Amino acid sequence: MTHPLRLTRLTQLPLRQEFREQLAELVRPQVEQLWQHPPIVAMFVTLSAVLPKQEQTAKLFADAWMLMYATIGRLDSLQDGDSILVLPRVATVGEHYNLVFASYVFADSLLDDLAMHVPEGCLYSLQRLWNNCLLRMADGQQQDLASGAAPRSFDTLAVYQQIAQAKTGATYALAFGGMAMLLSDDRELADAFTQVGEIYGTLIQYADDLRDAATQPNAALTLPALLPFIPHASALTPPQIASAFWSYVYGSYHNAALDLLAPYPNERDAVAALFTAAFAPGTPQ
Amino acid sequence: MDSQINPSHPEHTAPSAAHQEDVPTTTPSTAGALLPFFGAVPALTVVALQFAAGSFNPIEFLIDSYGSGGSHRPEQK
């Protein structure tokens, strides 16, 4: 039976027991948390249901993506100085960063197991997509880390979107596109799903920023910090502006996603249901 | 900084299915240091201007919001 984190792979290498345990301590809590995050769970359930059924292939990819995302999340927390509830037993932040590096390499290496399930060309394409998206994520993170003190205006919305799209949008583009690439032979469908995933992930970033407005540091470049620059009806209070703007953005992005899937009615319906489940009023995210 | 980035440029730049690595994947930018947006994700500046320009009716929003018992935002955890 496959270990939930597939850590058994590490036992085949000449690694110290302590290192393996530290690595497990690093990734386990965050991976388990991600597997309970409704937009992620709903995403994989939807993609697995709507694409031709290859359960083991889907699971292998989902495991790798989840570990990658957990690793990126930990890196982000370290760089932002966030409080981390469950720390690995290491003495220095340098050791912690090294574990993050090892965790990413481990996540990437999990893709190797797909070679037993998909053609070589498909795996090559997936690895290229993976690396392209990870480089975009790194670019977005770099821009985010450097953006704190810049003056803000209405045009800063474009910078904010660029960062959100590169960081979170690319992450979900990889999830959607990777699953479609592995589970379908239709390249146009995979391209469409990649873009739909980018819309989905970007919306997740917007929603998270709006939800977490109260806990964000003032220097953070987030959507709530930019709402005052949007021309709006003065009849509304700031929370109402946030709510109304979210509603408007969601509608635009939802429609853009469904337009991409117009040639694929079954997939379009499934994605429509996914967006509703993830973002609709009253649905916890 | 120029916010007039064309959101409907036909040359999408999302990380496509990785079959086109030799094909340029970015659109020409008129925004100086600002990179172009990627793929089919609508430009937030354009959406914001549409929002402000009257596509959004605050009276209807208020009626809808109170009438449905809440906002359209995702609820907090």
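The legends below describe close-up views of a predicted model. Residues are numbered from 1 along each chain as its sequence is written, and chains are lettered from A in the order in which they are written. Because the model is predicted, local features need pLDDT of at least 70 and side-chain atom pairs count only at pLDDT 80 or more, whereas totals for chains, interfaces and linings use all residues.

**View 1. Crossing of helix 2 and helix 10 of chain A.** The axes of helix 2 (residues 38–50) and helix 10 (residues 265–279) of chain A come within 10 Å and cross at roughly 165 degrees. Axes are lines fitted to C-alpha atoms over the stretch in contact, with angles from 0 to 180 degrees between N-to-C directions; helices are DSSP runs (H or I, at least four residues) numbered from the N terminus. The two helices are therefore roughly antiparallel (angle over 145 degrees).

**View 2. Residues joining helix 2 and helix 10 of chain A.** Helix 2 contributes residues including Pro38(A), Met43(A) and Val50(A), and helix 10 contributes residues including Asn266(A), Glu267(A) and Leu274(A). Contact requires C-beta atoms, placed from the backbone, within 7 Å. By class, this contact has 10 nonpolar, two polar and one charged residues (nonpolar: Ala, Val, Leu, Ile, Met, Phe, Trp, Tyr, Cys and Pro; charged: Asp, Glu, Lys and Arg; polar: the others, Gly among them).

**View 3. Confidence along chain B.**

Methods
Parallel < 35°, antiparallel > 145°, perpendicular 65-115°, else oblique. Contact = placed C-beta atoms within 7 Å. pLDDT = per-residue confidence, 0-100.
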